[in-house]
Amino acid sequence: MKDLGNVSRRAFLKTGAALGGGIFASGMPLSQAIWAAEGKVLKASSYGDLTKLDPAFYARAVEVDVMNCIYSKLIRYKPGSEWTWELEAAEKIEQVDPTHIRFHLKKGIKFTGGHGELTAKDVKFSFERVIKLNAPTKPDWGPFDQVELEDDYTGVIVFREPYAPVWLIPLPYAAGQIVCENAVMQATKDGGDFGMKPPAFSGPYVLADWKPKQYISLTRNPEWSGPKPGFDEIRILPIDDVKAAERAYQAGDIDFTGISLDSLATFKSNPPPNTNVEKRPSISYTWIGMNIENPKLKDINVRKAIQWAINVPQVLDAAYAGQVEVATGTIGPGLVGHRDKALIPPEGDLAKAKEFLEKAGVTDLALTIDCRNESGHSTIAQTVQAQLSQIGISVEVNVRDTSTFWTLGMQSEGDRWNDLQLIVNSFIGLPDPHYEVSWFTQDQVGVWNWERFRSERFDELVAKAVTIGDPDARAKLYYEMQDLMEESGAYRFVTNGASAIAYRTTQMEAATRPDGEPLYLDFKPV
């Protein structure tokens with residue numbers, strides 16, 4: 001989950017610079033915040049700092065982790081080893097037919113700042129606002145149409161056509177966060193992006209303080225009437241470097257953190273005192289992409305030669321110390337549509353690779369491979385460089401800083417996409433397979449589809465799969481989508497990754513999603 005630095009692809013280019021120091025909700029100045037000087041404090045690290053706390057415009061997973069504590073959703077992810085959900089602000093929710101979902105809210109959920117009770121009008125405003133503003137989270141809602149109000153606590157979510165991902169993408173994640181209509185309209189005049197200044201809170205916590213690149217402090221919401229969370233304060237330290245986070249954990253500065261995969265064996269064999277170390281399956285996906293429209297890669301035989309020359313287990317041993325499994329596609333284990341195996345065997349075949357290259361009639365081929373300035377990705381690039389040399393292809397590795405890398409294939413950022421050839425890429429995932437394929441449609445060419453892969457059949461399958469409720473029937477369509485990607489020669493799937501976490505058992509009983517991402521509201525103090 002960390003391969004993208006937890007940056008949402010849709011929101012990356014919209015992310016502004018972090019604003020000012022301490023915070024803030026309207027009607028709750030910092031001087032009135034409840035501090036936990038004597039109380040129980042949950043100290044955790046995140047993989048980056050906040051840039052937005054407007055759920056329609058979020059940019060990073062840490063922002064969703066915080067929003068889960070300060071806002072309310074109809075449903076939320078349930079902690080544990082399986083991807084499922086449970087009720088949150090909804091007292092009841094049901095799919096009444098393929099295009100209508102009725103919800104009934106719990107009574108007594110209040111917004112801070114004197115903004116009154118959370119009602120169905122706020123749900124309608126929050127969901128429809130995403131569409132109206134053409135916000136980055138809009139694709140998560142698929143064919144969403146509107147919310148019809150029945151009374152103050154009851155509404156019906158209406159879709160133009162069936163949309164199976166609704167239960168695992170928008171409702172329990174960022175797009176399902178409910179904001180206060182009255183507070184947002186007062187703060188923004190037009191209901192627009194309120195950035196880092198939430199005008200009202202409705203969750204068990206409020207944002208008490210934020211010092212950019214130093215810490216995020218959440219303290220108890222005095223107006224919260226629901227079940228009391230375990231900690232008086234949640235303090236999150238943004239640490240971009242996972243090795244630095246490991247050192248902070250060992251020093252006792254934090255009690256919950258992600259750890260690097262190459263440190264996992266050491267942490268397991270010789271853990272810090274009173275530490276539980278866990279490895280979780282990730283739903284991210286890493287692959288080697290090829291720009292089909294680059295003159296050197298237009299011939300599918302060249303692309304197939306590269307696919308067959310890449311020995312994925314060797315790549316993973318070098319980059320991740322053998323701590324991750326070979327990917328069979330973009331859709332990871334445990335999700336609908338995960339393939340048992342890829343079309344090309346993980347080890348590849350150098351003889352077959354050479355045959356494809358001979359068929360293309362190409363000799364002395366020189367290529368470039370671009371990757372992020374991250375140890376795992378640069379090692380992948382260097383290993384692929386060595387492997388392709390075995391079939392006579394020379395490769396120059398271009399290691400890019402994050403801001404440069406994420407603009408390489410963007411047509412909106414200039415003409416550099418023309419020069420892009422091989423790419424080491426990773427995207428974060430969500431637990432519905434739609435999220436893992438939607439970036440490779442034709443309308444994403446020059447946006448996030450940097451391979452410039454085009455397939456009418458693929459696009460038809462993407463559109464059809466979200467309308468199907470039966471998991472087995474959906475799975476068959478996702479199998480075919482991944483086959484089409486692989487058959488194009490533009491993709492060599494590498495890994496779905498893994499997540500490793502460590503936490504202090506004398507301080508907490510941790511609660512996470514199946515992929516190890518924290519669900520702070522369910523953490524319990526010891």
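Predicted model: local features only at pLDDT ≥ 70, side-chain atom pairs only at ≥ 80, totals over all residues.
**Stop 1: helix H8**

Select residues 350-360, which make up helix H8. At the start of the helix, a side-chain oxygen of Asp-349 comes to within 3.0 Å of the backbone nitrogen of Ala-351.

Next, colour Ala-353, Phe-356, Leu-357 and Ala-360, the buried residues of H8. These four lie on the same side of the helix, because they cover an arc of only 100° around its axis. Now turn to the other side of H8, where Glu-355, Glu-358 and Lys-359 are exposed.

**Stop 2: the four-stranded sheet**

Select E4, E5, E7 and E6, given here in their order across an open sheet with antiparallel pairing. At the edges are E4 (90-97) and E6 (144-149); each has a single partner strand, so one side of each is left without a neighbour in the sheet. On average, neighbouring strands here are turned by 20° against each other, direction ignored.

Zoom in on E5 (residues 100-105) and E7 (residues 154-159), an antiparallel pair joined over five bridges. Pick His-104 and look across to E7, where Thr-154 stands opposite.

**Stop 3: the five-stranded sheet**

What is the order of the five strands in the open sheet with mixed pairing? Reading across, the strands come as E15-E14-E16-E13-E17. Select the edge strands, E15 (394-400) and E17 (491-495): each has a single partner strand, and therefore one side of each is without a neighbour in the sheet. The twist from one strand to the next averages 25°.

Finish with E13 (residues 285-290) and E16 (residues 422-427), which pair in the antiparallel sense over six bridges. Select Ile-288 and look for its bridge partner in E16, which is Val-424.

As background for both sheets, strands of a sheet pair through backbone hydrogen bonds, either parallel or antiparallel.

Notes:
Residues numbered from 1 in each chain as written. Heavy atoms only, no water. Buried < 20%, exposed > 50% of the residue type's maximum accessible area, 1.4 Å probe, protein only. Helix = DSSP H or I, 4+ residues; strand = E, 2+ residues; numbered from the N terminus. Arc of directions from axis to C-beta. Polar contact = N/O pair within 3.5 Å; in protein donor to acceptor, adjacent residues only side chain to side chain. Pairing = 2+ DSSP bridges. Axes fitted to C-alpha atoms, helices over the stretch in contact; angles between N-to-C directions.
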